[in-house]
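The sequence and structure come first.

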Amino acid sequence: MGQNILDLLRREHVKVLSQLDELQRRGISDRAEKFNLMKNNLLPHMAGEERVFYPRLGERGLHDLVAAAREGHTAIRALIDRLNSIPPADEGGWVRMMPDLREAMRSHVDREEKAVFAAARERLDNAELLHIGDRFEEAKGKAHLRPLR
């Protein structure tokens with residue numbers, strides 16, 4: 001049996017936020033590898049939400065919440081693109097930019113887990129949440145990943 005989409009998303013949020021905390025530190029020798037690992041978790045996560053979860057919420061009339069969540073994703077992707085342009089050896093650049101990405105992600109997660117998840121629980125029954133969880137995992141597997149360079 002599948003997993004509830006809300007539980008899946010919450011677990012993934014915790015994982016990515018932890019990875020972002022680690023990337024904020026100075027003296028990371030394998031910064032590029034850790035950044036790619038974080039992106040390989042985050043980018044498919046966002047793609048899965050956009051392809052499966054958000055459309056279902058939109059069908060239930062939650063257009064404003066979906067639009068705000070998509071805007072959050074756009075901002076996060078823009079910050080990732082900016083980090084992609086900073087050489088991993090430029091520790092100063094990374095240390096300056098990572099808090100921006102961490103804050104954008106934290107803000108997005110807070111809004112999503114409070115407002116979006118509450119609305120999803122009101123508008124979708126448990127069977128639908130399980131079905132969306134299964135489809136989310138499939139969509140993540142098809143997401144296009146962008147390497148650091």
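## H2 against H5

In this predicted model, helix H2 meets helix H5 through two sets of residues. H2 supplies Pro44, His45, Gly48, Glu49, Arg51, Val52, Phe53 and Arg56. H5 answers with Glu128, His131, Ile132, Arg135, Phe136, Ala139 and Lys140.

H5 covers residues 126-141. The axes of H2 and H5 come within 8 Å and cross at roughly 140°. H2 is therefore oblique to H5, as roughly antiparallel would need an angle over 145 degrees. The crossing is right-handed.

## The course of H2

H2 spans residues 31-59, a run of 29 residues. From its first C-alpha to its last it reaches 40 Å. That is close to the 42 Å expected at 1.5 Å a residue.

The helix has a kink of about 40°, centred on Glu50. After H2 comes Gly61, with a positive phi near 85°.

## Asn41

Asn41 sits in H2. Setting aside neighbours within four places in sequence, Asn41 is in contact with Lys15, Val16 and Gln19. Leu23 lies 18 residues from Asn41 in sequence. In space, the two are 14 Å apart, C-alpha to C-alpha.

## H1 against H4

Two packed helices are described by the angle between their axes and the distance between the axes. H1 takes in residues 5-23, and H4 residues 91-123. They pack at an angle of about 170°, with axes 10 Å apart. H1 and H4 are therefore roughly antiparallel to each other. Their crossing is left-handed.

On the H1 side, the contact is made by Leu6, Leu9, Arg10, His13, Val16, Leu17, Leu20, Asp21 and Leu23. On the H4 side it is made by Met98, Leu101, Arg102, Met105, Arg106, Val109, Glu112, Glu113, Phe117, Ala120 and Arg121.

## H3 against H4

H3 runs over residues 63-84. The axes of H3 and H4 come within 10 Å and cross at roughly 165°. That angle makes H3 roughly antiparallel to H4. H3 passes H4 in a left-handed crossing.

## The annotated span

UniProt, in an unreviewed entry, lists residues 5-119 as "domain: Hemerythrin-like". In the model, this span is 86% helix and 0% strand. Its end C-alpha atoms lie 13 Å apart.

Technical notes:
Residues numbered from 1 in each chain as written. Predicted model: local features only at pLDDT ≥ 70, side-chain atom pairs only at ≥ 80, totals over all residues. Heavy atoms only, no water. Helix = DSSP H or I, 4+ residues; strand = E, 2+ residues; numbered from the N terminus. Expected span 1.5 Å × (residues − 1). Bend = angle between axes of the 7 residues up to and from the residue. UniProt positions renumbered as here; feature names shortened; annotations may be inferred. Axes fitted to C-alpha atoms, helices over the stretch in contact; angles between N-to-C directions. Parallel < 35°, antiparallel > 145°, perpendicular 65-115°, else oblique. Left-handed = near helix turned anticlockwise from the far one by under 90°. Contact = heavy atoms within 4.5 Å.
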